[in-house]
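Here are my notes on the model. Please read them with the structure open.

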Amino acid sequence: MSEGQKNLYLLLDSRNTPLANAVLLTLPHIPECRFRVLDDKVSVVMEHESVRMVPMDKASPVLLGRILGCRGDEIRMEKLQRLDSELRQNLRMPTHFQSFIYPIMPGVTSNWRGRRAIEANDLSCGGIAFFCDRELKKGERVEVVIPITTAPLVLRCKVLRKRPSNRSESLYAAEFVDMCNDEEKLVREAVFSIQVRGRPRAATSERDDN
């Protein structure tokens, strides 16, 4: 992992909605830290009083911080507390790409052969949600092609459940299984590199400047 990737963070609001990517500019252990917010998202971050800081580096803790101020594209934050590291693993980033799934051991975990087309709905370090026009069983294991990583991956996953959807295709949630360290690293990099989607400015922000 390069130094830039090691210092890369996702900043989330209180509902775990991604706000921006940011680069840590200070040493990780000091109580007050500075970040450079990427992609002109400073104004989005500054609408909030506190944010959750999720590092790409798996060894670094997930933190809650209070915003103290900003200058240009840099913000200052006070670290308040550590948060559950599972937040990084379970953080779902909306993404849309066309791909395929393949059955693992047809006739054992699946009763079909060949491949099925899917459309990804979101991706996390721990799994994927996708639309498919064919019925899949809970607990079924399939291989899924992830084309948006640095090198395309074919990962094994287990279907967990069918999620509510307003589309004709079924929306399935699946978790990755039997991942090696290199595969996990590539998926984590892909999750962090997905652009934070622009959202309309909220009518009432979390910050109270009065």
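1. Start at one strand pair. Phe131 stands opposite Leu171 in β13. Strands β10 and β13 run antiparallel and are joined by 6 bridges. Two strands count as paired if DSSP finds at least two bridges between them. Helices (H or I, at least four residues) and strands (E, at least two) are DSSP runs, numbered from the N terminus.

2. A word on provenance. This is a predicted model: local features need pLDDT of at least 70 and side-chain atom pairs count only at pLDDT 80 or more, while totals for chains, interfaces and linings use all residues. Residues are numbered from 1 along each chain as its sequence is written, and side-chain values use heavy atoms, with hydrogens and water left out.

3. β13 has another partner, β12. The two pair in the antiparallel sense over 7 bridges. Here Leu171 is the bridge partner of Arg163. A hairpin of 6 residues joins β12 to β13. β13 is mostly covered, with 7 of its 8 residues buried. Buried means under 20% relative accessible area, exposed over 50%, and partly exposed in between (1.4 Å probe, protein chains only).

4. Which residues touch the most other members of the largest nonpolar core? They are Ile101, Ile128, Phe130, Val144, Ile146 and Phe176, out of 37 residues. The elements giving two or more residues to this core are β1, β9 (116-123), β10 (127-132), β11 (141-146), β12 (153-163), β13 (170-177) and α4. α4 gives the most, with 5 residues. A nonpolar core is a set of buried Ala, Val, Leu, Ile, Met, Phe, Trp, Tyr and Cys residues joined through side-chain atoms within 4.5 Å.

5. Leaving aside neighbours within four places in sequence, its contacts include Ile128, Val144, Ile146, Leu155 and Val187. Contact means heavy atoms within 4.5 Å. Cys125 and Cys157 are also among the residues that Phe176 contacts. Cys125 counts as buried because its relative accessibility is 2%. Cys157 counts as buried because its value is 0%. The whole structure has 0 disulfides (pairs of cysteine sulfur atoms within 2.5 Å).

6. Check the geometry of α4 (residues 181-193). At 1.5 Å a residue, its 13 residues should span 18 Å, and the end C-alpha atoms are 18 Å apart, so the two agree. The expected span is 1.5 Å times one less than the number of residues.

7. Ile75 lies in strand β6 (residues 74-82). Ile75 counts as buried because its relative accessibility is 1%. Not counting residues up to four places away in sequence, Ile75 touches Val45 and Met46, among others. Phe35 is also touched. The C-alpha atoms of Ile75 and Phe35 are separated by 5.4 Å, though the residues are 40 apart along the chain.

8. Another set of strands deserves a look. β1 (residues 8-12) pairs with β4 (residues 50-55) in the antiparallel sense over 4 bridges. Leu10 stands opposite Val54 there. β4 also pairs antiparallel with β5 (residues 63-71), over 4 bridges. In β5, Leu63 is the bridge partner of Met53.

9. Overall, the protein chain has 4 helices and 13 strands. Of its 210 residues, 46% are buried. Among contacts between residues at least 6 apart in sequence, 56% join residues at least 24 apart.
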